[in-house]
Amino acid sequence: MEHEIAISLEGICKSFGSVKANHDISLDIRRGEVLALLGENGSGKTTLMNILSGIYFPDEGRITVNGEEVTIRSPKEAFELGIGMIHQHYKLVEVLTAAENITLGLKGGLTVKRRELVNDIRALTERYGFELDPTKKIYDMSVSEKQTVEIIKVLYRGADILILDEPTAVLTPQETEKLFAILHNMRDDGKAIVIITHKLNEVMSVSDRVAILRKGEAVATVNTAETDAQTLTDLMVGRKVSLEIERPEVDFEQTDFLKVVDLTCIGAEGHKALDSVSFTLRSGEIMGVAGIAGSGQRELCEAIAGLYPVQGGAILCRSETSSGEVRENIVGMSPTEIIKKGVAMAFVPEDRLGMGLVASMDMIDNMMLKSYKRGKGPFVDRKTPRAMAEQIKDELEVMTPCVTMPVRRLSGGNVQKVLVGREIASSPKVLVVAYPVRGLDINSSYTIYDLLNQQKKKGVAVMFIGEDLDVLMALCDRIMVLCGGRVAGIVDPREVTKDEIGLMMAGERRDEEVG
Amino acid sequence: MDKAYKHHEEPLMRITARSDMPAGKAWIIRVLAIVFALVVGGLVILSLGHNPFSVYADMLRGSLATKTARVETVKIAVPLLGTALAITPAFKMKFWNIGAEGQIMAGAIAASYFALYWYKVLPGPLLILVMLIAGAVAGGIWGVIPAIFKAKWGVNETLFTLMFNYIIIGFEKYLQNGPWIKEGTTYPKIDMFDQAARLPKVLGVHVGWIAVLVLTVVMFFYLKYTKQGYEISVVGESVRTAQYAGMNVKKVIIRTMIISGVISGIVGFLIVSGADYTLNENTSGGIGFTAISVAWLARLNPFVMIFISAFLAILSKGSNTIQTDFKIPASAAGVLTGIILLCMLGGEFFVNYKLIFRHKKHAELPKGGEEA
């Protein structure tokens, strides 16, 4: 099928300092087609689309919209050309309704004709199959509804070229399917759709064509029907990779290492971020934690690490004095006190450079973050951490010219290797990892899975907070599903389907809306 | 599509962040910034009807040529360097202590109390020691109060330390006008210190200069090689990381501000006991604020601060000289100093960012809009 070309990019280049984010990229975006822009993190997908939507200005290259060469200097000018981008982070006014957010900033008289507006929006939603109440306030909305508002906002302003940046990251599998159906409706209506993603199964199910970026260059454009996930991965990474994730069996007797009993925490808005959460973590297992973003995952791991105030319940660990029994309650203890009690716990937080590491410091100084107090006297010992940094650099193949390079200069995957490496080096009994592969390329992700499996085989109890259900189901021995701060269930991934977990993730949310 | 699309020119100039500048090139830019400042300053001098070269030469002569001039210049540099060192740990922790001015004054008042009322009781060296301790304690107290409020209740330290300056300076004026007024006068003035309360001199300048140089080395090692220095860096970078690492962030904030305040208080003692031999409302004289520029221009490196504070002292002393020699008004000398400081700080912009001008070759493209 031939389609009219909406946008044509020719030889686009954009550098940030010495980093070539985009190098000589040429690409056509066609009407009546969903184009997936596939690439690993840092491959330049978002940069390229930000150039189209007027946020960045290209260093070189030409942009042609509807056959005419244009220069896009601001998001406003992109809009005039009919280009609308839906970013990962929504920009909505919480206290206004959907309809008010949609018209915000539009030209017009002093008064807003609310009824007309609502009718216009209803017409739009019916046309494409959205589910949205235009009079609902944003703060009452779920993430998926907020996304709908963002999309309608762009459509209402007359965009016929839509760019969506990682739109499914915050959605349940069911919500994702709904979104894809809507995207297909819009495509059939003659709109040009670009979806930025790094998830292969989504590319396969939603797109008509795939453009693959690697290290800032467009390596290939293929028709989705003529390709498969393995081929796309190989193109994306640049060589053959295995997509299998191992789940090794352990041959020793598993014992309880961590018991969480009726844990309750209050969130920033005064709601129960965690509501009577109970589970047991055993040695030699990886327990996955699934749930849509903001279901209490962050609070759970930070509470266990002694960084989040606990309202009620208990967190029981083994300690030096508990003679192998799980009875040391660490609720109310600071991280220092937990360490002093001899609880061997390590935590890889979600925010690597804002919590797990100090961005401006080098590997050596980051190694001693939790151990700098060791040794007598007022001075720090940098010899031991230096040896540790060198060891981690060699063993985990951290790509850095030297261990004295500030960690913020390292790539995401290498930053994570430094962090995970340090935490594992502390020989923990309990290892809590939050979103350990977020933003990592495929190769680094597999390194992390391997490291976690090694820990599991050593008898460590691993808790893995994840977002990619496919990964959780392949790697974990058990999966705990969180929904609205409550445990919706703990399941064996070998015995349930992805859809069942998806329903558990969403199930209780409906309850919450009622209550 | 029947929409009429507008043609747009590429923006004339764009700003991009950079992180790749080699250190050598960065220093060239900094030197160029000073050269540029001297040229602009020269134009100002020219517009006042003087020869810029002879005015600049006179500034140098006035601040460095004679021993008296050098002594005066060093006397300006000492408290500047001391105060810059005082605020460095706080700034490294991203605790914006702009209250060094007040902490200096607190130290100066406490030291002056012993100088004025205990000089007959205490023997010479002991009196000096007591003055030093009093100054340090008072400065420390004045510095730690905002830190406690910050640590316990998250009160904004910038406003707090700023307001604290006015309180202590107001208190000094009260002392000067009332309880501590020189006997037998109605003019609000505090008596000169007794010889016993004056710091001894080494090479013509009070010993304070040795003290601040030693402190420079100590501060460098404290920040770089001690556990406390490491804690300061981590807290400054990210409070969440510090908590994650098991640091007691409140304790670090309070301890660091005590250090900052104590050093400022000692600087106050050095000023009254070594330079002025009395106390007045100008004892702190804006040093607490100029020191912020010193610390910042030196990028919190104690050794670089020696040169920056010396440079500013030369500027300051030199502009006094040109006021008398060329009858250049004090305000014009101030303008000159301002231009140089602004250019030095502005130079940092070019170290961190680069400007990209509109492509020339864009106009050569077939449909690239009209010729510029």
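Analyst: Helices (H or I, at least four residues) and strands (E, at least two) are taken here as DSSP runs, and they are numbered from the N terminus. With that convention, the residue to start from is A:Leu316, which is found in strand 14 of chain A. The model is a predicted one, in which local features need pLDDT of at least 70 and side-chain atom pairs count only at pLDDT 80 or more, whereas totals for chains, interfaces and linings use all residues. Residues are numbered from 1 along each chain as its sequence is written, while chains are lettered from A and ligands numbered from 1 in the order in which they are written.

A:Leu316 counts as buried because 20 other C-beta atoms lie within 10 Å; a residue is called buried at 20 or more such atoms within 10 Å of its own C-beta, exposed at 12 or fewer, and partly exposed in between, with C-beta atoms placed from the backbone. Leaving aside residues up to four places away in sequence, A:Leu316 touches A:Lys259, A:Val261, A:Val326, A:Arg327, A:Glu328 and A:Asn329, where contact requires that the two C-beta atoms, placed from the backbone, lie within 7 Å.

In chain A, 4 strands form an open sheet in the order 12-11-14-15, with antiparallel pairing; two strands are said to pair if DSSP finds at least two bridges between them. Strand 12 (272–282) and strand 15 (328–329) of chain A each have a single partner strand, so they stand at the edges and one side of each is left without a neighbour in the sheet. Strand 11 of chain A (residues 256–266) runs antiparallel to strand 12 of chain A and is joined to it by 7 bridges. Within this pair, A:Leu258 stands opposite A:Leu281, a residue of strand 12 of chain A. Helix 9 of chain A (residues 297–304) packs on the sheet and touches strand 11, strand 12 and strand 14 (312–317) of chain A, its direction making about 60 degrees with that of strand 12 of chain A; such axes are lines fitted to C-alpha atoms, for helices over the stretch in contact, and the angles run from 0 to 180 degrees between N-to-C directions.

Seen at the level of the chain, chain A is divided into domain 1 (5–237), domain 2 (256–344 + 428–514) and domain 3 (360–427), with bounds that come from an automatic or database domain assignment. The C-alpha centres of domain 1 and domain 3 of chain A lie 39 Å apart. Chain A as a whole has 17 helices and 20 strands, and 44% of its 515 residues are buried. Among the contacts in chain A with a separation of 6 or more, those between residues 24 or more positions apart account for 68%. Its C-alpha trace spans about 75 × 55 × 45 Å along the principal axes.

Chain A also touches a partner, chain B, in a contact that takes 34 residues from chain A and 27 residues from chain B. On the side of chain A that touches chain B, strand 5 (68–70), helix 2 (75–80), helix 10 (335–340) and helix 11 (352–356) of chain A each supply at least two residues. By class, that side of chain A has 18 nonpolar, 9 polar and 7 charged residues, with Ala, Val, Leu, Ile, Met, Phe, Trp, Tyr, Cys and Pro counted as nonpolar, Asp, Glu, Lys and Arg as charged, and the others, Gly among them, as polar.

Helix 11 of chain B (residues 287–297) has several buried residues, including B:Ile287, B:Ala291 and B:Val294, and what covers its buried residues includes helix 3 (67–92), helix 4 (100–117), helix 12 (302–326) and helix 13 (330–352) of chain B. Just after helix 11 of chain B, B:Arg299 takes a positive phi of about 50 degrees.
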